[in-house]
Amino acid sequence: MKIATWNVNSLSVRLPQVLAWLAANPVDALCLQELKLTDDKFPHEALKEAGYEAVAFGQKTYNGVAILSRYPLRDVVRNIPAFGDEQARVIAATLDTPTGHLRLINGYFVNGQAPGSEKFAYKMRWLQALQNMVRAEMAAHPRLVLVGDFNVAPEDRDSHDPVGLRETIHHTTEERSHFQALLGLGLTDAFRMFEQPEKSYSWWDYRMLGFQKNRGLRIDHILVSDALRSAVSACTIDRAPRKNPQPSDHAPVVVTLD
């Protein structure tokens, strides 16, 4: 079974690329972030023709998340319970797979703008609320996968310039501590379970030839629960879509569960 996460930075713009990628990479589930469209504009029919059921949680112009699946989806939760938030950032669903139920949580984590800003304080509150949600979800669903654009580079090796960017957004001690707290709940960073090429990133700035110079960050992650850890056989970043005309600034990340 393969699960992927991809910040598409506007599904209305990138839908043809998503469909082409799914045709070439028929994953069992694909989690999308930054849909930037309302639910009534979500392309259910086009995805259904491609073989995918979908649940979405969108909003106009910003944010938005969706889960695409070849398996039935149920028990859908939108946003973090008991955390008042007008932004569409989290969607969770249970997949009824041939090997059993799997709980999938897809998040578009808060960017935070800059340490000390109001948006950074919101990010800290949001991350704590997410941690509480994941703890409760794991108690109910031992087979759980948390994916998304985390907007956190967990370690220095996840940044093209860890010294120059130290304690800037995505690199702060506070953000990294929250990432470690998620791991402390019983989750594992699937990408780091394997030997990976040096300078492996999932996001590159559009400006200043960021992709061409590989000036990137690894901020898109797939975390698996202890109950699934032994099933993980691979986790990779697919850089190919970043080479498309008018690409998203993010690349898909794919985990394989055997």
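Buried means under 20% relative accessible area, exposed means over 50%, and partly exposed lies in between (1.4 Å probe, protein chains only). This is a predicted model: local features need pLDDT of at least 70, side-chain atom pairs count only at pLDDT 80 or more, and totals for chains, interfaces and linings use all residues. Residues are numbered from 1 along each chain as its sequence is written, and side-chain values use heavy atoms, with hydrogens and water left out.

**Exercise 1. Salt bridges**

Task: Find how many salt bridges the whole structure holds. Then examine the pair Asp 156 and Arg 166.

Solution. 
Step 1. Start with the rule: a salt bridge is a side-chain nitrogen of Lys or Arg within 4 Å of a carboxyl oxygen of Asp or Glu.
Step 2. A search of the whole structure gives 13 salt bridges.
Step 3. Take Asp 156 and Arg 166. Their closest N and O atoms are 3.4 Å apart, and they form a salt bridge.
Step 4. Asp 156 and Arg 166 both lie in the loop between strand E8 (144–149) and helix H4 (173–184), so the bridge ties together parts ten residues apart in sequence. Helices (H or I, at least four residues) and strands (E, at least two) are DSSP runs, numbered from the N terminus.
Step 5. Check accessibility. Asp 156 has 31% and is partly exposed. Arg 166 has 43% and is partly exposed too.
Step 6. Look at another pair. Asp 205 and Arg 207 meet in a salt bridge at 2.7 Å, N to O. Arg 207 is exposed, at 60%.
Step 7. Finish with a network. Salt bridges link Asp 158, Asp 189, Arg 192 and Arg 218.

**Exercise 2. A residue with positive phi**

Task: Describe the backbone, the place and the salt-bridge partner of Lys 36.

Solution. 
Step 1. Recall the background: most residues other than glycine have a negative phi.
Step 2. Lys 36 is not a glycine, yet its phi is positive, about 60°.
Step 3. Lys 36 sits in the loop between strand E2 (29–33) and helix H2 (44–49).
Step 4. Its side chain meets that of Glu 34 in a salt bridge (3.8 Å, N to O).
Step 5. Lys 36 is partly exposed at 27%, whereas Glu 34 is buried at 12%.
Step 6. Now take Gln 246. Its phi is also positive, about 50°, and it is not a glycine. Gln 246 lies in the loop between E13 and E14. With 62% relative accessible area, Gln 246 is exposed.

**Exercise 3. A strand and its partners**

Task: Decide whether strand E14 (residues 253–257) is enclosed or open, and name its partners.

Solution. 
Step 1. Five of the five residues of E14 are buried, so the strand is largely enclosed by the rest of the structure.
Step 2. Sort the residues by face. Val 253, Val 255 and Leu 257 lie on one side, Val 254 and Thr 256 on the other, and both faces are covered.
Step 3. Apply the pairing rule: two strands pair if DSSP finds at least two bridges between them.
Step 4. Strand E1 (residues 2–7) is antiparallel to E14, with four bridges. Here Ile 3 has Val 255 as its bridge partner.
Step 5. Strand E13 (residues 232–237) is also antiparallel to E14, over five bridges. Val 232 stands opposite Leu 257.

**Exercise 4. Two packed helices**

Task: Work out how helix H3 (residues 118–140) lies against H4.

Solution. 
Step 1. Two packed helices are described by the angle between their axes and the distance between the axes.
Step 2. H3 and H4 pack at about 5°, with their axes 10 Å apart. Axes are lines fitted to C-alpha atoms, for helices over the stretch in contact, and angles run from 0 to 180 degrees between N-to-C directions.
Step 3. That makes H3 roughly parallel to H4. Angles under 35 degrees count as roughly parallel, over 145 as roughly antiparallel, 65 to 115 as roughly perpendicular and the rest as oblique.
Step 4. List some residues in contact (heavy atoms within 4.5 Å). H3 gives residues including Phe 120, Met 124 and Leu 127, and H4 gives residues including His 178, Ala 181 and Leu 182.
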